[in-house]
Each structure stands twice: as structure tokens, then as C-alpha cells.
Amino acid sequence: MAPKRPLDSETVQESSKAAKKAKTKAARLIDIQQTEKTAAGPSRPSSTVRFTADSLKGLPNSIDVEKFVEARSFEVGAMQKAMQTARLVLADPIGQPPEFTEPLDLTPIEGKTLPNECGKPFPATCGDAPQVMIAPECRFVSGKRPGLVICQMDPVKKRKKLNALPKRGRTEIGRTAKLLKRQQEKTWLETHIWHAKRMNMANLWGHRLAIHPTEKSFRPSHRASLHGSIVQDVSYYGVLELKGPDDLVKNILSQCCDPQSALFSHCYTSGARACDTHIYQTAAFPFGLICPCTLIWRPYNTAAEDIETARSAAARVVWFHVHPAAFLDVHAAVQTAASHAIADCKRQGSEIEITDLRGSINAFEIMGPRASQVLTGALKVTKDARPGRKAWNALAKISSSASMPKGMVVGLQVFDPRLSFPPSNTRLPEVDQQPSAPAFSVAPSAEIALSEIWQEKVRENVKKPRFTKKDLDERRNKNLVPGTRLQPQSSDARIPILLIQRSISPVSGLSGSSGLSDPQMHGYLLLFPAGWSMSFWSSITHTGTRVGGLREHKSQRYESGMPHFPEDYVGTQSYDLHWEKRATEESEKWERTPKAKKPPYDRMPAPSRSPGHEVLWKPDWDGILGLVAKQDIPILGKEPDLIPTQRPDDMDRILDSIIQEGTSELEDDGDVAWEGIGGNSNSSGPDLQNRNGPWVLHSTHATNLLATLSSSSVSAHLEVLRHINGIRVKRGLRPLPEDDAENLTNSALVAVKIELCGRGTPDDISVIYDASADLGESGEPAWNKMMTEMIENGSKHDDDDHGKISTPDSSRIIGYVTSGTFSLMKGKGAALGAVSLVGLIAIVQRDAK
């Protein structure tokens, strides 16, 4: 069969495509400058080019910019004209040039007028061709018939949608007002919009925080913290400022800080280093733990130039870098300690200033060995004679942030990071590595730690950037060479910053079962004034460093064997609130699950059967420490909220008197010692009430105390009391009475690290047993033999041997796991937890025998 004849529409379509190609080609032509040589014909380049020593004699030594631009003026103008013509022609759906400066000759056609849509007829005769000018609001287009010319108006602009129009009686609000309206119940960080596009967000501690990236990046983030760099915005941490005389400030810190830390060492009080400590309620150590904290002392400025510093030369300033979950508690503790210090001070006219700096100072935490190259590449230090510049130059030459002294503070002043955008990581110099040469040649000192960020006026002046991104782009557009970085000018902002070295290392320094200590992670804490988060953030993230959230922040501390606040700080109010919220969420989820698809948590043994402890949705520390009744055995007087159910012997006589006389003999009868009916639960006072809760032994003092208790024949209660009182007396606190010795020991917990010898991964709220007292028929030797074989065989053992070991009874529970998962560093299950001091002492003494 013969092929079908093509339709006329196909021919028209092909011709339209060819016309479009021809139109596009004509629009992209670039004018060239005709010369005598080019008019004669194009010259082909020579196949061989020879260069001699005399070839460069005629070239000038330098290039004059004005002459160079004049010589290329025609080329530049032709390029701009071609770009504009192509843009306008391609955007026109009809395809005719939109602008005509010369009068047009209309072809004579039949009729006296030319039809057009704008209602303005153009006269046309068959004789002479008149000269016609197009109206400015019309466009010159061609009609369908050859020779027909019409005038077309510009297309009508689209109307706004109905939902975009403001409602009656309301005025249209700006974007900033809309965003502020969404922050009524929580506070956004300055980098919130950047994080909201890339991270999973949640409302925590009054902020909208990033939990973890949306992409799968758990293992890459861990590798970045060990071999690369990872950054997190920790601006949600609050800064509390304490200012006053030196003796009063030290008195306040002695009452509310951990007395086990060397807080008043010269390296800390001079401002050269930052001190990591814990905050307690006023004079309540070891009870009343609030949270961990970082203290930064303002260094002395010997050459004080400003009047404010000269007047308060004797005053000291301390910053508390505090977690937002406990900021209000820390503020209240410092305020109470300040009132006590002023009352005890004999000098009149002493003043203490406590200032809340939340919202005034932002912070980034950059961890990893490449953190030094990221910072030195993203930030440019001002060229002045500050001592901190020496440390900055040395910072660019170290291969790891661990080379810098721990807690070292460096005060600097940097330019606007947007001026040097895009940044590039600093490369290490290629020099011979000498083992005897120091890794970091600058020692910590007060002069290096000086910074203008301590001054409130300076922070307010630089709080808002002077130039917007649009202004900086206009400055870049004026550069002769595209892509060159902007040179700082006198009008550009100089931002003061504080750079603090951070090391995540276990406090106790204990080794694991393998004999190797946990890995330490090092990095920096960058403090800078508010208003510059996005400027710093864009430059830092552009260097290729990874971005983490709260999950990565907790993982870094878990892999280093360090507790994370508030999940691992037992006994704090933030810990209780965290687990209360988590218990509520998990219990509601468990109740929604069908009975056939959920584990029987309601039947598992619990250390206590008091109300609220039937299901282990949260650790039951009171049941382990014996602070509540165990197995439905009431203990009166131990819990102030419990009411005794036993009636006194003369209760019938009291009730009869109430009915007959209308009065009670409870107030007058001194023989009835029944506290609880109408009694005040807080009658024991706040100090005694705080001493009934659990408290945790931190730092190396726990190891020393256990070593003393295992070898000492003295009672454990008296030894613990003597140890705690020795610490309190060193800080000027009153020693605890001997009556509290038993309660002090029974309510004590010890933070422990756990590594599994076999398979499996511990989870949060996993139970820790004292299995040495109940090992079944095989006894302790069989348990030790089996564990040794499992370790030698690579944790591979028959499941039949596990059945020989019976599960311990619930009365053997001595602690719980606070954070447990698979450790990427150890390659097996590991956990952090806490156990009872009494139970741990029994295990240590039994092992010693």
C-alpha cells in the first residue's frame, strides 16, 4: 500500500519549527566590527606558530585598564545588545521585535484603514505609503494575511487570587510579622528556616529545635566527628552573667557549684580557660543537683581604655553557659546564693548584678579534627595587634583540635563572613613532622582571652548587620573581575567572638573491659553576638562540614562515655520531667496497641508496687534505694505524701468526741503521735526534703571512695559521711550531721559504664541486676568460666549454656540503664547507667574476698 499523503497540518508544523529556528538563530547573532582585513575575507590561522626571544619585545610591561576597556568597548556593547535582543525576542510569543525607533512603511492594501485591537485606525491608500508611528502602548505584530499590519496591546496582568487578598477590615501584614506570630509558644533560632528545610524539628524546652537530618546520616555523622567536622547550632543554651566584687563572686560560686572541681584555680579565674562544673542548690551538695555548666571568667584588662572598665576595675564578671531545661533553676540558685553572700558580707555598699543574656549571645559547636581548618577558612580575623591573632595563626597549622589546650579561651575580632564568601578550608603546610616540636605553640593567657564581646554596648552596636545581602551583591557587581572577594572597608562591621576549646571525655577516666579508654572527641565552642547566626552559618556549612542535631549531640557524648543532660543525670528535676513525658508517651502508645501485638509489661516484676510504679515506663529509683514501700509492705514516715492506713487505738474515742461535742481532741491530746491527717507535708523543711531523694557520685571521687570502702573495715555509712564532709569543708560549707549518715549512703547512686561480654544490645531503662548472689545451680565459677569462653570465642556460645543461669529475682535489681544502644566505636552493645552505692559496695567487697 502506498504511504499516506502528509496532512497540511504536518507541513505547517514543520514550517513553523523551521521559522522558529531561523528566528532564534537571527536573535543570537552578535555584531562584529568590520575592518579592512576582515572585509577582504576571513584569514585562516597558520598551522605552525613560532615564538622567538624577540616576540615579546613589543608587549607592554603593564596593562592600562582604561585603554583596555576602550579597545573592547564595541565587543562589550555588541554582547549586551545581543543578550537583550535574544531575551526580548524569545520572550515574545509572536516573535517580532518589540521596539522600533524608525518610521514604518506600510504596504498598500485594499481599504482605507488598518484593523487593530486598540481602536486606533491607521490610514492607508493604494498610492503613496504614509509614514506611521506605533503608539507606545501597542506592539507591532504581523497579521495572518500577507501585507496586513495590526496593533496589539500588552497582555493583561493576572489578577490576584481571592485568598491572597486581605479580608475586609484587615490590613496586609508583612512576612516578619507573620513569622513572629508563629513563635508565640516557642522560640525560633536565627537558623530555624534553614534547619526546617533539612531537619526533623520538635518543640523542646521552649524552643523549636532540630532533632536529626532528614537524610540517613547517623553513621556519616559519627565518622565526621572522628575524622572530619560536624557543626551544630547550640544558641538555645542560655548565658547568665554574674557581676560583683571578687570575694562575693567566689562566695556565691562556693555555695552553688560543685566543690569537687578546681573552680578557683588561677587558670580559670584569670579567664585563660573555661571550667566545666555542676550547679547545685545553695549549700545542698551532694543533694540538689541541677545541671552541668560551663563557667567563663572575664579576664582582667590591665590597659583599660573605656570608662566603664576603669570604674569597675575591681569587679569580676562570670558567665554561666547553661542548658535551657535548667536555666530558671540555675538563676534561682545563683540568686539565693547571692542573697546569702550579701547577708554574710560585713562590707556595706556591695552590689551583685545578675543579668539574663538569653537572646544576646549565640553559639555554634564544631566537633572533629578538621574543625580548625573549617574555622580558619570561613572566618577572617582583623589585621590588628591583638594577642589573640597569634593563637589564630597557630590554629591554622594544627592538624587536630585536640592539639589546643583543653578549655583554652581565645578572644578575636573578625570581619563580616559574607565579604569572603564562598570560603575555602585552610590547607595544612607541608613540613616535616618533628616529634619534639610542640603541636600548639601558644600557651593560654588572659591577654589572649580578651574580647569586646563582654561589653554590652559593643554587642548592641553590632547586633544588626549594617549591610544587607543586596548591598553586598551590588558591591560585587562593581568589581572589574567577576568572582573576586570584597575587600573590607571602614564601614564594614567587626564582630567580636570567643573561641573555646571543647573536649568530650569521660569524667571518671575509667577503662572498659577491653582495657582501652573511651575515645575522646575535640572541637570548639564559638560564641558571638546575636544577629549574625546566618552569616556565620552559611560560611561554615559551605566548607563541606556536616550538620547535626540533638541526636548527633547525644551520640558524641555516648560514644565518649560521658553522660548527656538531661537523660543521664539522675536526681535532677529536668531528668524527672524528661522521663515523665517519655513515660506518658510510651504508655499511651502501649495502650493503643492490640493486646495480641504488645508485650505484657503489666505482668513483669517491679521493684516496688506503690502507686505509679506498677509498670516500668520509667526507672524506679525510689524502689531500688528503699525510699518507698517494697512489694506492698508500707513504710510509714519515709514518704511525706503517703497517709498511714492504720488507725490508732483510741480512734473510736476521738470520733465519738467529734460527733458529740463537735471538737477534736487531736490538737490537745499529746499522746496521739499521728502525723499525716491535716499535717503539713513540708514541715520538715526544704533541706531535709531534698536529702530524701537520690544523688549521684560524679568524677574521680567515686572511684577513690569505692577503693577506700572495699579495703576499710569502718562502717560504710560513716566513711561516706566523712568523705562528703571533707569535700564540703574545703569550700566553706557546714558539714552534714551524723544522723544523716545512713540516709546519705542509702540514697547514693554511682554512675557506671556497661559493656556486654556477649551478644545483644541494651536499651534505655534496662534493668541492672546483682547476679553474683543468685547464679543458679552452677554458681559463680560457672558464670565466670562461661563469660571467659564467650570472650575468647568472639561472643559465640551455645544457647543451652544460657539456660543454666537463672534470671535474678526482682529484689536483686541495683540500677537501671539511662542510655543504651549499639556502640559504633566499640562494635557491640554498650550503655551508661547508675547503680546503688550500697549494692556496688557489696559486690566490690565480695569480689575482694
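Guide: Axes are lines fitted to C-alpha atoms, for helices over the stretch in contact, and angles run from 0 to 180 degrees between N-to-C directions. Mind that this is a predicted model, where local features need pLDDT of at least 70, side-chain atom pairs count only at pLDDT 80 or more, and totals for chains, interfaces and linings use all residues. Residues are numbered from 1 along each chain as its sequence is written, and side-chain values use heavy atoms, leaving out hydrogens and water.

Visitor: At what angle do α8 and α11 pack?
Guide: Helices (H or I, at least four residues) and strands (E, at least two) are DSSP runs, numbered from the N terminus. Helix α8 (residues 246-256) packs against helix α11 (residues 327-344) at about 125 degrees, with the axes 9 Å apart. The two are therefore oblique to each other.

Visitor: Which residues of α8 and α11 meet?
Guide: Contact means heavy atoms within 4.5 Å. From α8 come L248, N251, I252, Q255 and C256; from α11, V334, A337, A338, H340 and A341. By class, that contact has 7 nonpolar, 3 polar and no charged residues. Here Ala, Val, Leu, Ile, Met, Phe, Trp, Tyr, Cys and Pro count as nonpolar, Asp, Glu, Lys and Arg as charged, and the others, Gly among them, as polar.

Visitor: Is Q556 buried or exposed?
Guide: Buried means under 20% relative accessible area, exposed over 50%, and partly exposed in between (1.4 Å probe, protein chains only). Q556 has 7%, so this residue is buried. Q556 sits in helix α17 (residues 550-559) and, not counting residues up to four places away in sequence, touches S225, I230, E365, M367, I504 and M521.

Visitor: And where does R466 lie?
Guide: R466 is in the loop between α14 (456-461) and α15 (469-477). With 54% relative accessibility, R466 counts as exposed. Neighbours within four places in sequence aside, R466 contacts S490, S491 and D492. D492 is 26 residues away along the chain, yet the C-alpha atoms of R466 and D492 are separated by 7.2 Å.

Visitor: How many helices and strands does the protein chain have?
Guide: There are 27 helices and 24 strands. Of the 849 residues in the chain, 39% are buried. Among contacts between residues at least 6 apart in sequence, 74% join residues at least 24 apart.

Note on methods: Parallel < 35°, antiparallel > 145°, perpendicular 65-115°, else oblique.
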